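Please look through the structure shown here, with attention to how its helices cross and how its aromatic rings pair.

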Amino acid sequence: MALSLGLPSPLEGLRALTVAWSAPTPRRARPTRSVVSSQGAPGIVRAVVSRLEPELERELCVRAKAGDRVALGRLLRAYGPLLYRAVLLPRLGSESRAQDALSETYTRVVERFSQYEWQDCGVYPWLRVVAMRIALDQLRSRRRETLFEPDDIAEELEHAERLGPAAPDAEVLAAHDLEAARRKVQRALAAINPRYALAIRLRVLEERPREEAARELDVSVSTFDVVLHRAMTALKKVLSKEAAAELEEVRS
Amino acid sequence: MSKPHDDDALRGLRESEPGTELEPAELAAGFEALRAAYAPGEIDPELHEALLSRALGGELEAPAIDERGVPEELQSSADRAERERAEALRAALDGAPSTPEARALLALARVLRYAHEPPPLVEIHHEALLGAALGRRSKLRRITTGVVGALAAAAAAVGLLSVDPQREAPRADLVPARSTLELFDPAEPFPRSGEETSRIDRIAGARASDLRKNRYATWGVR
């Protein structure tokens with residue numbers, strides 16, 4: 001049976017755009033909607049971005065700053081899903097928490113958009129900083145097992161604020177954020193027995209059927225269940241210890 | 001323990017250096033030390049586990065199971081309780097979590113999955129969030145408001161029907177049927193899940209109060 005984590009299936013039929021984290025790039029005229037899937041070659045993370053033409057985006061920002069809710073709605077409709085998928089969901093690890101955070105992000109954007117100043121890099125880097133601040137608040141207020149610790153996000157925020165107007169545009173930032181999340185997964189798996197890591201990779205990350213994962217590990221299906229259980233328990237222990245260590249560091 | 005080729009080497013050493021009068025055991029120890037420095041071997045895995053366990057006070061994860069070549073009935077050293085927990089995790093991953101541990105591990109599986117391959121936001125959820133933030137009524141909210149409004153109308157109808165038809169109703173003083181919107185802060189969107197009971201309680205409380213007022217009004221005791 002296929003793994004069911006209650007996740008919606010990836011978007012289909014959309015053109016994938018490969019991007020990489022690099023030096024800031026000038027914005028070009030682009031189609032109003034391009035897409036993203038993060039299925040790709042190893043080491044390459046693709047980001048789906050509903051982008052706006054720079055000129056249109058600038059005009060919408062001016063109108064939104066003047067209090068035009070329709071214009072602000074268009075900006076948020078274009079970039080909200082990307083904030084959710086690239087920034088909030090990987091960092092908070094739960095759909096309901098990520099949606100709460102997106103809602104909170106929107107509220108804060110509505111309250112403070114009058115303070116936003118247009119930059120050539122577009123509005124996404126500013127929205128991303130707002131979303132990261134919300135995610136940071138959430139992580140600090142609710143201790144749960146997540147791959148990201150508050151310090152990680154504080155560091156990302158510091159980096160984002162240092163970049164300022166030199167920030168890359170939305171798809172580059174999104175690719176960077178998705179890649180950072182994947183690195184977290186790899187790091188967590190590297191802390192446990194390689195055989196456990198393989199079991200998790202096959203069944204949880206790649207969603208392979210149990211039978212196939214068991215074959216890959218050269219064990220029976222029932223034994224694979226035990227291996228996976230031990231693997232998840234070991235990973236939980238590793239993450240709990242890391243979280244406890246960070247808390248201890250903060251306290252001291 | 002010295003091996004045959006070790007002994008040959010030791011003999012060779014003694015013959016090349018006639019002044020050396022070391023005992024064979026001392027020479028063997030020296031030779032072993034040299035070999036360990038030049039080509040150190042692997043530590044025995046069982047010894048390593050024992051050392052780690054002693055050093056960490058038993059705070060070790062279970063060692064990996066290598067079942068290859070072992071008959072199936074002997075595979076894994078899992079006891080019955082562990083197999084049950086593993087089965088609970090399997091069920092949880094297939095969508096039916098049954099124990100707190102399985103739910104916790106399922107949550108962890110989602111954390112990994114969302115970091116590795118985050119799914120897109122469902123459009124209707126996004127519209128609801130946008131609508132709430134921008135002060136517009138989203139499709140979801142319109143449905144909720146419609147249902148709540150129907151309940152309110154039903155409650156008001158009960159109030160009107162329960163009055164004595166013989167008595168002339170002072171209609172102008174009755175609380176009219178109306179939307180429940182005023183009971184909720186429009187700036188505070190409904191949470192995605194939860195608090196349904198408290199919302200229904202609030203509506204029921206308000207409408208019961210309306211009903212009482214209407215009864216008192218129709219009875220002329222207000």
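The questions and answers below take up helix contacts and then aromatic rings.

This is a predicted model, in which local features need pLDDT of at least 70, side-chain atom pairs count only at pLDDT 80 or more, and totals for chains, interfaces and linings use all residues. Residues are numbered from 1 along each chain as its sequence is written, chains are lettered from A and ligands numbered from 1 in the order in which they are written, and side-chain values use heavy atoms, with hydrogens and water left out.

Q: How are α1(A) and α2(A) oriented to each other?
A: Helix α1 (residues 54-65) and helix α2 (residues 69-92) of chain A pack with their axes 7 Å apart and at an angle of about 130 degrees. Angles under 35 degrees count as roughly parallel, over 145 as roughly antiparallel, 65 to 115 as roughly perpendicular and the rest as oblique. The orientation of α1(A) and α2(A) is therefore oblique.

Q: How many residues of the contact of α1(A) with α2(A) are nonpolar, and how many are charged?
A: Contact (heavy atoms within 4.5 Å) is made by residues including A:Leu56 and A:Leu60 of α1(A) and A:Leu72 and A:Tyr79 of α2(A). Ala, Val, Leu, Ile, Met, Phe, Trp, Tyr, Cys and Pro count as nonpolar, Asp, Glu, Lys and Arg as charged, and the others, Gly among them, as polar. By these classes the contact has no polar residues, 8 nonpolar and 3 charged.

Q: Which residues of α5(B) does α6(A) meet?
A: The axes of helix α6 (residues 170-190) of chain A and helix α5 (residues 100-116) of chain B come within 7 Å and cross at roughly 140 degrees. That angle makes α6(A) oblique to α5(B). From α6(A), the residues A:Leu178, A:Ala181, A:Arg182 and A:Val185 meet B:Leu112, B:Ala115 and B:His116.

Q: Which class describes the ring pair of A:Phe113 and A:Tyr116?
A: Rings of Phe, Tyr and Trp (its six-membered ring) pair if their centres lie within 6.5 Å, and planes under 30 degrees apart count as stacked, over 60 as edge-to-face and the rest as tilted. The rings of A:Phe113 and A:Tyr116 have centres 5.2 Å apart and planes at 35 degrees, so the pair is tilted.

Q: Is A:Trp126 buried, exposed or partly exposed?
A: A:Trp126 forms an edge-to-face pair with A:Phe113, at 5.5 Å centre to centre and 85 degrees between the planes. Buried means under 20% relative accessible area, exposed over 50%, partly exposed in between (1.4 Å probe, protein chains only). With a relative accessible area of 23%, A:Trp126 is partly exposed.

Methods. Axes are lines fitted to C-alpha atoms, for helices over the stretch in contact, and angles run from 0 to 180 degrees between N-to-C directions. Helices (H or I, at least four residues) and strands (E, at least two) are DSSP runs, numbered from the N terminus.
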